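Hello,

Here is the structure I promised to pass on. Please open it first, then read my notes below.

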Amino acid sequence: MTPARVARFGRTTRWFHWTFALSFLSLAGSGSLLLCRAELAIGAEDVALLIEIHKITAVVFLTAPWLIGLSGDRRAWLRDLSEAARFTRDDLIW
């Protein structure tokens, strides 16, 4: 008999996390490529494409997690945000 799974986080929190994480990784990747474009010999057309990807991802990074959070389970989302923004004694010790 398999035990039932208990979800630690709800759907809204998971969507918020993955949208934020994937857009952050996309920004880090495109920004790194733009920073090293001379060393990597990236052509002008590819640089223009990377800049567009970086700009679009920046908009997603700033807006999508908030739209997801506000359109889903707001109570759980706000509870998670307040927990993440709160520093306890254990955090300071760590």
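Ile-56 counts as exposed, because its relative accessibility is 54% and the cut-off for exposed is over 50%. Bear in mind that this is a predicted model.

Ile-56 sits in helix H2, which covers residues 44-71. Ser-23 is 33 residues from Ile-56 in sequence, yet their C-alpha atoms are 9.6 Å apart in space.

Now helix H2 itself. H2 has 28 residues and spans 40 Å from first C-alpha to last, close to the 40 Å expected. H2 also bends, by about 30° at Thr-63. A proline, Pro-65, follows within four residues. Several H2 residues are buried, among them Val-47, Leu-50, Thr-57 and Phe-61. The buried residues of H2 pack against helix H1 (11-35) and helix H3 (74-85).

Next, the aromatic rings. There are six aromatic pairs. One of them is Phe-16 with Phe-20: stacked, 6.1 Å centre to centre, with 5° between the planes. These two are four residues apart in helix H1, so about one helical turn separates them. Phe-16 is buried at 16% relative accessibility. Phe-20 is partly exposed, with a relative accessible area of 36%.

Phe-20 also pairs with Phe-61. Their ring centres are 4.7 Å apart and their planes lie at 25°, so this pair is stacked. Phe-20 belongs to helix H1 and Phe-61 to helix H2, so the pair ties together parts that are 41 residues apart in sequence.

Finally, one aromatic cluster is formed by Phe-16, Phe-20, Phe-24, Phe-61, Trp-66 and Trp-77.

Best wishes

Terms used:
Residues numbered from 1 in each chain as written. Predicted model: local features only at pLDDT ≥ 70, side-chain atom pairs only at ≥ 80, totals over all residues. Heavy atoms only, no water. Buried < 20%, exposed > 50% of the residue type's maximum accessible area, 1.4 Å probe, protein only. Expected span 1.5 Å × (residues − 1). Bend = angle between axes of the 7 residues up to and from the residue. Contact = heavy atoms within 4.5 Å. Phe/Tyr/Trp six-rings, centres within 6.5 Å; stacked < 30°, edge-to-face > 60°.
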